[in-house]
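Biologist: I'm new to this one and would like to learn how to read it. Could you walk me through a few features?

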Amino acid sequence: MSSYQIDTPKKYDDSYKKSVNCPETFWDELASQNFIWNKKWSKVIDWDFKKAKVSWFKDAKLNITTNCIDRHAKNTPDKTAIIFEPNDPSEKNKLFTYSELLKEVCKMANVLKSMDVKKGDRVCIYLPMIPELAFSVLACARIGAIHSVVFAGFSSQALATRIDDCKSSLIITSDGSYRGKKILNLKAIVDDALDICETQQKVLLIKRTNELVNLVDKRDFFLEDLIANVDDSCEAEIMDAEDPLFILYTSGSTGKPKGMVHTCGGYMVYTSYTFKNIFQYEEDDVYWCTADIGWITGHSYILYGPLSNGASTIMFEGVPSYPDFSRFWQIIDKYKVNQFYTAPTAIRALAKQGIGFFKNCSLKSLKVLGTVGEPINEEAWQWYNLHVGKDSCPIVDTWWQTETGGILISSIPKVIPDKPTFATKPFIGVQPILLDDEGEELNKPNSVGKLCIKYPWPSIARTIWGNHQRYIDTYFSAFKNMYFTGDGAFKDKEGNFRITGRVDDVIIVSGHNLGTAPIEDAINEHESIVESAIVGFPHEIKGNALYGFITLKYNLENINHIKTEINSLISEKIGPIAKLDKIQITTGLPKTRSGKIMRRILRKIASNQTEDLGDISTLLNPDVVQEIIDNYQI
Ligand code: WT7
């Protein structure tokens, strides 16, 4: 009997135990029964964390697009695969059934072949959230080319670095992109990137905004010219389970971005299995993840996970604020969305707008809500639960990373109860453990430690592109025989994990270890505060002291009053030791495109070292940086 569907606590317990006690048997059965393989494996798992070597389904052959598209095109050809919702609600949407998706992907694959792209070549994809982005990703997978999607909000410099690092031979882009009221000229950014790149590229250009573009002869080609001449069928390249499927760049705390490499077999099995169960996807459900495909969330939980399950998945081109802040709720009602997956930063931004935007939206179709990307604070969790979930949808707080490929810790609707601010329990096959600084396991209930994983799961990244040593150093050197996540976590007596944030955000004040996340949580409970970021700065007596950057909901007359209140809140929730020495009110906090606060920059400002802030061009809101510098508290 297949253990694919986990819909009772007993099934979870049984499967979890089996996955830990007999991992080879467990994954062997799961993978054979639920996927199409051209050839079976000779060994299920082969690993050595010391060398950062992991392989799953050794010698097996497959193509992920056969599993994501062909089998559904055969069984449910008329089922909607992808729903494209354009930036502007007045523009007509587009729906692609599984049989249409198959044709679109095959045509795109044939275009890539006509441009000389071969198995193993890298293709850089720099596109807005339009259907061609999905087709391009899947077309690469179809012919065995390695896709490297770069989020289309990154600057030309960031793009050039990523092109040169993986030495792609082709970049797929569009003339422009729509984001709310703005039009961004993507092709001009690509032109600038290619001017500074060392690697020669061809450019495949998709028309979206009909901007005038600069065309370079023999380098730039319009998709519409090439696609007219190709066939709509294309045989899937037979891939080894351990052949790279894609590279996705993620920023490290230092140095250039790390090109995380994911491979075909394990990634397919794990993203598919987690999608099905964590979202409890049922046959006719409509699923929506608001992430961009430029991030791992989009790779795993807009495309590969949903499609391998034959799901209907929404791709939204726009932003939550356009035409106004009711857009998300409008879309949920329009498509009767059943599972909705978004980020805490979006939740807080929407909560700030008040509940007037829910007017005329029922949100009745919703069954499961999800969050990802950073710890969700209690206030945002409660708001999400009450106003979006109407207090009747479980919230899955899914903890994972670009490096992990799929969700590792999460509650499961009907199976593992949610608990505000807790990601809760490990998914099947995942063996998390908390360690102290000496690498000793923390076994007692209510411990806080460094979160490590002691056994491989199928979708763990295999290496950093071109730099395996960096992969070993970053993830496998801190603790012997462990994958180190870089996060801290708390485990309660029921075994629920609460991610406390990056451990590099710990600040030692007067010899006390203080995590910035709990202090921020305390502050954020203040009714006038939207968001806060705490960093350390050198202090004569205490070693380090705390500097708080605070964003308010409204302009307040009496700022000193709020500063006093912040410190009494902290004293109350954590203790006087965590009180802030300096408090600066700002209109925003510098953020990465995925919504994470760039503490590195704030740390420098707080230490009054603003000469070398590093590259801030990839920020969501670079302008706020100068404002913060100008208002620095001496
Ligand atoms: C880091 C990974 C996973 C896709 C999006 C981000 C933080 C992620 C949670 C969560 C608390 C979370 C961690 C992690 N994070 N999800 N549910 N609760 N923290 O991918 O950019 O690779 O970032 O995001 O700190 O290490 P990423």
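Biologist: Let's begin at the ligand. Which atom of the ligand does a backbone N or O atom of Gly373 lie 3.1 Å from?

Modeller: A nitrogen atom of the ligand. Keep in mind that this is a predicted model. Side chains reach the ligand too: a polar side-chain atom of Asp397 sits 2.7 Å from a ligand nitrogen, and an N or O atom in the side chain of Gln401 is 2.8 Å from a ligand oxygen. Overall, the protein covers 91% of the 550 Å² of accessible area that the ligand has on its own.

Biologist: How many residues surround the ligand, and which are the closest?

Modeller: There are 17, and the closest are Asp397, Thr398, Gln401, Thr402 and Asp487. Sorted by class, that shell has six nonpolar, five polar and six charged residues. Helix H10 (296-308) and strand S25 (497-502) each bring at least two residues to the shell.

Biologist: Now a single residue. Is Asn63 buried or exposed?

Modeller: To judge that, look at the relative accessible area; under 20% counts as buried. Asn63 has 2%, so it is buried. You'll find Asn63 in the loop between strand S3 (61-62) and helix H3 (64-75).

Biologist: Which backbone oxygens does the side chain of Asn63 reach?

Modeller: One belongs to Arg142, at 3.2 Å. The other is that of Glu237, 2.8 Å from a polar atom of the Asn63 side chain. Leaving aside neighbours within four places in sequence, the contacts of Asn63 also include Asn38, Ala141, Ala236 and Met239.

Biologist: And how do I read aromatic rings?

Modeller: A pair of aromatic rings is described by how far apart the centres are and by the angle of the planes. Here the count comes to 52 aromatic pairs. Take Trp41 and Phe57: their ring centres are 4.9 Å apart and their planes are at 55 degrees, so this pair is tilted. The pair links distant parts of the chain, 16 residues apart: Trp41 is in the loop between helix H2 (23-34) and strand S1 (43-48), and Phe57 is in strand S2 (residues 53-58). Both residues are buried.

Biologist: Why is the pair of Phe328 and Trp329 edge-to-face?

Modeller: Because their planes are at 85 degrees, with the ring centres 6.2 Å apart, and planes over 60 degrees apart count as edge-to-face. Phe328 is buried at 3% relative accessibility, and Trp329 is buried at 2%.

Conventions
Residues numbered from 1 in each chain as written. Predicted model: local features only at pLDDT ≥ 70, side-chain atom pairs only at ≥ 80, totals over all residues. Heavy atoms only, no water. Helix = DSSP H or I, 4+ residues; strand = E, 2+ residues; numbered from the N terminus. Buried < 20%, exposed > 50% of the residue type's maximum accessible area, 1.4 Å probe, protein only. Polar contact = N/O pair within 3.5 Å; in protein donor to acceptor, adjacent residues only side chain to side chain. Contact = heavy atoms within 4.5 Å. Near = heavy atom within 4 Å. Areas by Shrake-Rupley, 256 points an atom, 1.4 Å probe, with all protein chains shown as cover. Nonpolar A, V, L, I, M, F, W, Y, C, P; charged D, E, K, R; others polar. Phe/Tyr/Trp six-rings, centres within 6.5 Å; stacked < 30°, edge-to-face > 60°.
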